[in-house]
Amino acid sequence: MRILQVSDLHLERTFGGLTEPTPALAAVLLTANQTTFQNIIQVAIKEKVELVIFAGDTFHAPQVSIATQHLFMTGMADLKQAGIQVALTFGNHDYYSPQRFWFSWPENVHVFTSERVTTKIIPVTSGKLQVVGFSYQQPWLESNLAAAFPPKETLANLPTIGIYHGENSTQGHYAPFRLETLKNLHYDYIALGHIHVPDVLQFAPPIIYGGTPLGHNKKETQVKGVVLAEIGEKANFKFIPVAPLRFGQQTVTLTGTTLAENLQELQNFLRTKAQKNWQIWQLTLVVNNDLSEWQDPNYGQDLRRYLNQWCQEQDLLQFMQELTLQHVKEGKLPLPLSSEVLQQYGKLYQEPAVLQEILGELWSQPTLRDLLAGDADYQAAVVAGGLQLIQTEFDFQGEGTP
Ligand SMILES: [Mn+2]
């Protein structure tokens, strides 16, 4: 049985920090939320899924414009036409309150409206499945609702899917849960929402933060799309991109000895990177020459404007949002940190609990854990060795202390 997970779509959210977008980009930005949503509906139909899950924060705010509501309901009706069911929960951004909706939900849409964990049995093409979930009714929900999810053993003998919008932590404002609790439910699939960076917390059976399918600012560079999953015997999943644009961050090292050569290298970079969808860049240009233009930070803005214009002329779907010029000592890589900050991190990582946290999965490997946890001196030596390597290989360009 195929399903599609959509998390944190944030319809109506605006795009941050874009100055002087070119007309072509501005036009795409205006409709990017709608385009992403329509792409999702098309993927669901093309891939013949039986259920589409919206795992909360589908809308950016609890109050949704009538036009957006209409767009959404039209998509739902298209899914209904294709025989596809929908399970929808509300998150902390779009928390549910009745009487805000100008259209009624088509009958294929199963809406969770209560903060109480609820189980719904949904008829799909190949039989039935059950979905367990809850919705926010206010922006905060401080109880651990994972504890209220019924284990699969206590439910009907059907494929079982959980929907959970919240944070993986011991406490917090967003329905904090412990991964262990969700794992012990033994559901066939758990669709998580809230965290915008995609994250697979368990591969089989899957427990997945889909992440937002569309980045809205320069921080949201890690976007994978929606999750297409097969549940049951041949369980597997993959991410499918659906956004018409993406934010990216890259450091480009320029090796030319003249400005003309540098420009050529940059243009080659932009040509090589061009795709059929828009890319909005934060570029750091690293040079190790003495050309005076590179010493003047104002040239970043000047160059940015020119490159954006050039991309437009070349029909390349690329836009430089930020362009930073950086010098580096020969043979070393720039690091936007001061040496003092690095030392502070070093001290922090000597703490066994902190090291355990950053090593994450490695720690669950018995051999590695014994090796690292058993011998404090060895652990200290590993961290010190790492610091030493960073000290020699990098050029520290940051300022200040932590
Ligand atoms: Mn959220």
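# Domains, pockets and a manganese site in a predicted model

Student: Into which domains is the protein divided?

Tutor: In this predicted model, the chain holds 10 helices and 17 strands, and its C-alpha atoms fill a box of roughly 70 × 60 × 40 Å along the principal axes. The protein is divided into domain 1 (2-240), domain 2 (246-327) and domain 3 (335-396).

Student: How far apart do the C-alpha centres of domain 2 and domain 3 lie?

Tutor: The domain assignment places domain 2 at residues 246-327 and domain 3 at residues 335-396. Taken between their C-alpha centres, the separation of domain 2 and domain 3 is 35 Å.

Student: Which element gives the most residues to the lining of the largest pocket?

Tutor: By class, the lining of the largest pocket divides into 5 nonpolar, 4 polar and 3 charged residues. At least two lining residues come from each of α3 (179-183), β9 (199-202) and α8 (352-359). With 3 residues, the element that gives the most to this lining is β9.

Student: And in the second largest pocket, which strand gives the most to the lining?

Tutor: The second largest pocket holds about 270 Å³ of space and is lined by 14 residues, with Q249, T251, T284, Q326 and P336 lying nearest its centre. The lining comprises 4 nonpolar, 9 polar and 1 charged residues. Each of β13 (245-254), β14 (278-287), β15 (318-327) and β16 (333-335) supplies at least two of the lining residues, and the strand that gives the most, with 4 residues, is β13.

Student: Which residues coordinate the manganese ion?

Tutor: Along the chain, the donors of the manganese ion follow the spacing D-x34-N-x72-H-x28-H. The coordinating atoms lie at 2.1 to 2.4 Å from the ion, and they belong to D57 (OD), N92 (OD1), H165 (NE2) and H194 (ND1).

Student: How many residues apart in sequence are the parts that N92 and H165 tie together?

Tutor: Both N92 and H165 are among the residues that coordinate the manganese ion. N92 lies in the loop between β3 (85-89) and β4 (109-111), whereas H165 belongs to strand β7 (residues 160-165), so the pair ties together parts whose separation in sequence is 73 residues.

Student: Is T68 buried or exposed?

Tutor: T68 lies in helix α2 (residues 66-81), and, leaving out residues up to four places away in sequence, T68 touches L11, E12 and F59. Because its relative accessibility is 12%, T68 counts as buried.

Student: How far apart in space are L158 and Q85?

Tutor: L158 is placed in the loop between β6 (127-133) and β7, and at 18% relative accessibility L158 counts as buried. Beyond residues up to four places away in sequence, L158 touches I121, K128, L129, Q130, K152 and D188. L158 and Q85 are 73 residues apart in sequence, and their C-alpha to C-alpha distance in space is 16 Å.

Student: What is the volume of the largest cavity?

Tutor: The count of cavities of 30 Å³ or more comes to 2. The largest cavity is lined by L182, K183, H186, Y187, I190, Q202, P205, P206 and I207, which divide by class into 6 nonpolar, 2 polar and 1 charged residues. The volume of the largest cavity is about 40 Å³.

Student: What is the volume of the second largest cavity?

Tutor: F59, P62, V64, F90, D94, Y95, Y96, S97, R100 and F101 line the second largest cavity. Of these lining residues, 7 are nonpolar, 1 is polar and 2 are charged. The volume of the second largest cavity is about 30 Å³.

Student: What percentage of the 402 residues of the protein count as buried?

Tutor: Among contacts in the protein with a separation of 6 or more, 71% are accounted for by residues 24 or more positions apart. Individual buried residues include N92 and H165. Over the 402 residues of the protein, the share that counts as buried is 46%.

Methods. Residues numbered from 1 in each chain as written. Predicted model: local features only at pLDDT ≥ 70, side-chain atom pairs only at ≥ 80, totals over all residues. Heavy atoms only, no water. Domains from an automatic or database assignment. Nonpolar A, V, L, I, M, F, W, Y, C, P; charged D, E, K, R; others polar. 1 Å grid on protein atoms, 1.4 Å probe; cavity = no way out; pocket = protein on both sides within 12 Å on 5 of 7 lines; lining within 4 Å. Points joined across faces, edges and corners; volume = space filled by probe spheres on them. Donors = N, O, S within 2.8 Å, 3.2 Å for Na, K, Ca; no water. Buried < 20%, exposed > 50% of the residue type's maximum accessible area, 1.4 Å probe, protein only. Contact = heavy atoms within 4.5 Å.
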